[in-house]
Amino acid sequence: MKPILGLMTLLIIGIFNGCSESNGSGKSAAEKRRLANVQVTTIANVVNLYTLDMGQSVPENNFDLKILLLSPLEGGGPSGPYIEREEDLIDPWGTPFAIQIPGKVNDSFDIISWGADGFSGGAGFDEDITQ
């Protein structure tokens, strides 16, 4: 089972790294929203993988996304690091992604980009992106 989780981790990291190459700089507002949608989905999948690796059904209430950057020797999960670069936890507008436990959209947790304005709520390009 562990080789499959390791392979899934590598696949997710590869997809994530390709999607966040420039972290949104030089992109239109619509492109940034599309990129943020991919990123929140990818981070949510990585959190699910970490949670499974840890033998949990949901992340703990005090879960910090930065734990995904750590190797097992640094206190990360058994297959960590799950995300290679700290900038992969930053949305296309330069704001760190957030995790909300429990979630409002999902029962267990939500991964959130606060949109172009960097604040909760908003409409249009400022609207939050949640997975």
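Visitor: What is the relative accessible area of K66?
Guide: This is a predicted model, in which local features need pLDDT of at least 70 and side-chain atom pairs count only at pLDDT 80 or more, while totals for chains, interfaces and linings use all residues. Residues are numbered from 1 along each chain as its sequence is written, and side-chain values use heavy atoms, with hydrogens and water left out. Relative accessible area is judged with a 1.4 Å probe on protein chains only, where under 20% is buried, over 50% is exposed and anything in between is partly exposed. K66 falls in the partly exposed class, its relative accessible area being 45%.

Visitor: Which residue forms a salt bridge with K66?
Guide: A salt bridge requires a side-chain nitrogen of Lys or Arg within 4 Å of a carboxyl oxygen of Asp or Glu. For K66 the closest N and O atoms are 3.1 Å apart, and the partner is E86.

Visitor: How many residues apart are K66 and E86?
Guide: The salt bridge between K66 and E86 links distant parts of the chain. Both residues lie in the loop between α2 and β1, and their separation is 20 residues.

Visitor: Is D88 buried or exposed?
Guide: R85, E87 and D88 are linked in a network of salt bridges. R85 meets E87 at 3.7 Å, N to O, and meets D88 at 2.8 Å. R85 is partly exposed at 28%, as is E87 at 41%. With a relative accessible area of 0%, D88 is buried.

Visitor: How many aromatic pairs are there?
Guide: Rings of Phe, Tyr and Trp (its six-membered ring) pair if their centres lie within 6.5 Å; planes under 30 degrees apart are stacked, over 60 edge-to-face and the rest tilted. By this rule, the number of aromatic pairs is 2.

Visitor: What is the geometry of the pair formed by Y50 and Y82?
Guide: The ring centres of Y50 and Y82 are 5.5 Å apart. Their planes stand at 80°, so the pair is edge-to-face.

Visitor: In which helix does Y50 lie?
Guide: Helices (H or I, at least four residues) and strands (E, at least two) are DSSP runs numbered from the N terminus. Y82 lies in the loop between α2 and β1, so its pair with Y50 ties together parts that are 32 residues apart in sequence. Both Y50 and Y82 are buried. The helix holding Y50, residues 29–53, is α2.

Visitor: How far apart are the end C-alpha atoms of α2?
Guide: The expected span of a helix is 1.5 Å times one less than its number of residues. For the 25 residues of α2 this gives 36 Å, and it agrees with the distance between the end C-alpha atoms, 36 Å.

Visitor: Which strands are at the edges of the sheet?
Guide: Two strands pair if DSSP finds at least two bridges between them. The open sheet has 3 strands in the order β1-β2-β3, with antiparallel pairing. The strands that pair on one side only, and hence the edge strands, are β1 and β3.

Visitor: Which residue of β3 is the bridge partner of I112?
Guide: Strand β2 (residues 110–113) runs antiparallel to β3, and 2 bridges join them. In β3, the partner of I112 is T130.

Visitor: What angle does the direction of α2 make with that of β2?
Guide: α2 packs on the sheet and touches β1, β2 and β3, contact meaning heavy atoms within 4.5 Å. Axes are lines fitted to C-alpha atoms, for helices over the stretch in contact, and angles between N-to-C directions run from 0 to 180 degrees. Between α2 and β2 the angle is about 155°.
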